[in-house]
Amino acid sequence: MPPIERSETDYTELSSFIRCKRKWYNRFWCDYVPIHEASALGFGQVLHEALDAMYKANFNLDAGLTSWKQHCHEFIPDTKRNPEVGRKILEAYYTEYFAKNKLIDVLHNEVLFNFPVEDVTFIGRIDRIISWEGSVYVLDHKTCSIGLTLRWFEQFFPHFQLVLYTLVGKSYY
């Protein structure tokens with residue numbers, strides 16, 4: 001494999017390099033892309049867009065549902081990821097975090113960043129920087145089809161993306 005000559009990278013590229021150097025080489029050096037996007041990835045992206053719309057409209061569920069309806073045809077549905085499931089997730093999210101009472105204040109939405117660490121600049125986008133119960137946090141949505149068990153959380157230890165986003169968030173406050 002040729003040496004890395006770029007000075008910018010993001011979490012996706014770095015994690016690909018750590019997990020499988022051949023996959024990294026094919027995707028980021030040769031610029032090969034999959035013929036079909038995985039259903040889970042497409043579902044997560046469309047759900048992410050709907051959540052962004054909801055936040056930007058001051059926690060308005062209708063804005064999120066409208067975005068979902070406009071974009072839910074952009075992924076290949078399956079039994080776990082389909083338009084009905086996405087709608088239910090948005091409604092449940094709204095009920096849990098906004099309908100009862102507004103639990104968070106959004107300080108920054110969709111934070112694009114360039115964060116230098118020695119000779120490399122990490123680039124990316126943080127979903128939100130929020131205030132919750134008097135403290136500042138990075139809020140990054142993740143979608144998964146399994147329950148939030150200890151096994152699910154173990155995949156993030158240590159998790160470079162979360163550490164990087166926390167450092168970037170701290171640079172704001």
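This is a predicted model: local features need pLDDT of at least 70, side-chain atom pairs count only at pLDDT 80 or more; totals for chains, interfaces and linings use all residues.

Guide: We may begin with the overall make-up.

Visitor: How many helices and strands are there in the protein?

Guide: The protein has 7 helices and 4 strands. Read from the N terminus, the order of its elements is β-α-α-α-α-α-β-β-β-α-α.

Visitor: What share of the residues is buried?

Guide: A residue counts as buried when its relative accessible area is under 20%. Of the 173 residues in the protein, 31% are buried. The protein exposes about 11400 Å², and 56% of that area is supplied by carbon and sulfur atoms.

Visitor: What share of the contacts joins residues 24 or more positions apart?

Guide: Among contacts with a separation of 6 or more, 55% are between residues 24 or more positions apart.

Visitor: How are two packed helices described?

Guide: One gives the angle between their axes and the distance between the axes. Helix α4 covers residues 61–71 and helix α5 covers residues 83–99. Their axes come within 10 Å and cross at roughly 165 degrees. Angles over 145 degrees count as roughly antiparallel, and therefore α4 is roughly antiparallel to α5. The crossing of these two helices is right-handed.

Visitor: Which residues make the contact between α4 and α5?

Guide: From α4 come Leu61, Gly64, Leu65 and Trp68, while α5 contributes Pro83, Gly86, Arg87, Leu90, Glu91 and Tyr94. By type, the residues of this contact divide into 6 nonpolar, 2 polar and 2 charged.

Visitor: At what angle do α1 and α2 pack?

Guide: Helix α1 (residues 11–19) and helix α2 (residues 21–29) pack at about 140 degrees, and their axes are 5 Å apart. That angle makes α1 oblique to α2. On the side of α1, the contact is made by Thr12, Glu13, Ser16, Phe17, Ile18 and Arg19. On the side of α2, Lys21, Lys23, Trp24 and Phe28 take part. The residues of this contact divide into 4 nonpolar, 2 polar and 4 charged.

Visitor: Let us turn to single residues. Is aspartate 52 buried or exposed?

Guide: For such a question one looks at the relative accessibility. Aspartate 52 has a value of 7%, so this residue counts as buried. Aspartate 52 is part of helix α3, residues 39–56. Leaving out residues up to four places away in sequence, aspartate 52 touches Glu110, Arg125 and Arg128.

Visitor: Where does glutamine 161 lie, and what is it in contact with?

Guide: Glutamine 161 lies in helix α7, which spans residues 160–172. With a relative accessible area of 9%, glutamine 161 is buried. Apart from neighbours within four places in sequence, its contacts are Tyr11, Asp140 and Lys142.

Visitor: How exposed is tyrosine 97?

Guide: Tyrosine 97, in helix α5, is partly exposed, because its relative accessible area is 38%. Beyond residues up to four places away in sequence, tyrosine 97 touches Lys102 and Leu103. Sequence and space may also be set side by side: tyrosine 97 and phenylalanine 59 are 38 residues apart in sequence, and their C-alpha atoms are 9.2 Å apart.

Visitor: Where is proline 77 placed?

Guide: Proline 77 is in the loop between α4 and α5. At 51% relative accessibility, proline 77 counts as exposed. Its C-alpha atom is separated by 7.8 Å from that of phenylalanine 43, a residue 34 positions away along the chain. Setting aside residues up to four places away in sequence, proline 77 touches Ser39, Asn82 and Pro83.

Visitor: Finally, what may be said of the backbone angle phi at glutamate 118 and at glutamate 133?

Guide: Glutamate 118 is not a glycine, yet has a positive phi of about 55 degrees. This residue lies in the loop between β2 (105–117) and β3 (120–132), and is exposed, with a relative accessible area of 79%. Glutamate 133, likewise not a glycine, has a positive phi of about 50 degrees. Glutamate 133 is found in the loop between β3 and β4 (135–139), and is exposed at a relative accessible area of 72%.

Definitions and conventions:
Residues are numbered from 1 along each chain as its sequence is written. Side-chain values use heavy atoms; hydrogens and water are left out. Axes are lines fitted to C-alpha atoms, for helices over the stretch in contact, and angles run from 0 to 180 degrees between N-to-C directions. Angles under 35 degrees count as roughly parallel, over 145 as roughly antiparallel, 65 to 115 as roughly perpendicular and the rest as oblique. A crossing is left-handed if the near helix is turned anticlockwise from the far one by less than a right angle, and right-handed if clockwise. Contact means heavy atoms within 4.5 Å. Ala, Val, Leu, Ile, Met, Phe, Trp, Tyr, Cys and Pro count as nonpolar, Asp, Glu, Lys and Arg as charged, and the others, Gly among them, as polar. Buried means under 20% relative accessible area, exposed over 50%, partly exposed in between (1.4 Å probe, protein chains only). Accessible areas come from the Shrake-Rupley method with a 1.4 Å probe; for residues, only the protein chains shown count as cover.
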